[in-house]
Amino acid sequence: MEAAPRVSFGVVADIQYADEEDGCDFLGRRRRYYRHSLRLLRAAVEAWAAEQPPLAFVLQLGDCIDGVNARRGAAEGALERVLAALRRLPVPVHHAWGNHELYNFCRNRLASSGLNSRPAAAPAAGPPAGPPGDCHAYHFSPAPRLRFVLLDGYDLSVLGRDPVSPRHRESLRRLREKNPNENLNSPAGLKEPQFVEFNGGFSQTQLDWFDEVLKFSDENQEKVVVTGHLPIHPDASDKVCLAWNYEDALSVIHSHQCVVCFLAGHLHDGGYCLDSHGVHHLTLEGIIETPPESNAFGTIYVYDDKMVLKGRGRISDRVMYF
């Protein structure tokens, strides 16, 4: 008889709720079910709440409300409806920040909202809970010898920052060096098509902190799951929907032995690969482009030697050995 999982948790990505009729993506090709996305989230919450044994937490992988809310002055109300649905869970929710959060709110507002899931208290041992400053990255350990690291893929970004701030100027400089297009959301003609405005990157400060966390996990024989909104492996994404400096994040991961999986959203079709160092990269399908009769969420069960994904709707079951 197989042992019970060490921990289990829910996963969901790209809800992008808005109280709007159905619309389309930026290219006008993909249908987006704005209003139905909240109903699908509520169904996911109901399923997670019924899990036995109970889940330890839920990962919300970013873009929980759509940027269309900002244009309507509806961001605060939309966010409250999503958070109200998630508050029905009897467990914590860890939130990644995506581009759509930053279309609606500045980083200071996000830091004071229910989407700030970074622990207030410093860990009793090990590296600092997160990098200094307003970077929404942190780590936590839900079970012995198991650690989760949430990365902030918009630490370098022109979204959500004051245009006169040093970090905004640095991010805009990096973006324009790689993307000469008048429309910075266009990847047309780019050698590195991930350098568009709706993506972002990791600062060196965040990468140094990440390296420190993984060093601690190596030394303590921990398994590590890394998560964030943006994918960091081209084989688990298309060539556009990647973090600007995804190779830097991969380099940190591959210099350690502890990381077993990277979970991301952003690419609504999802993706998966097992990389050359044995790390699983799983990109979750987004609720926003899921027809109302289906869904897109899952539960992951972590064992000593594998992670088992039980998917619902568009998300397939998967076993990821390590």
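**Sheet order and helix packing**

In the hairpin of β6 and β7, with two residues between the strands, R145 adopts a positive phi near 60°. The model is predicted, so to speak of local features a pLDDT of at least 70 is needed, side-chain atom pairs count only at pLDDT 80 or more, and totals for chains, interfaces and linings use all residues. Numbering starts from 1 along each chain as its sequence is written, and side-chain values use heavy atoms, with hydrogens and water left out.

Helices (H or I, at least four residues) and strands (E, at least two) are DSSP runs numbered from the N terminus, and two strands pair if DSSP finds at least two bridges between them. Strands β6 (residues 138-143) and β7 (residues 146-150) are antiparallel partners over four bridges, with Y138 opposite L150 of β7.

Both belong to an open sheet of six strands, ordered β6-β7-β8-β9-β11-β10 with mixed pairing. Because β6 and β10 (271-274) each have a single partner strand, one side of each edge strand is left without a neighbour in the sheet. Further in, β8 (residues 223-227) and β9 (residues 259-264) pair in the parallel sense over four bridges, and V224 has V259 in β9 as its bridge partner. Helix α7 (residues 204-219) packs on this sheet, touching β6, β7, β8 and β9 (contact means heavy atoms within 4.5 Å).

Elsewhere, what residues join helices α1 and α3? The contact is made by L38, L41, R42 and V45 of α1 together with R81, V82, A85 and L86 of α3.

Terms used
Axes fitted to C-alpha atoms, helices over the stretch in contact; angles between N-to-C directions.
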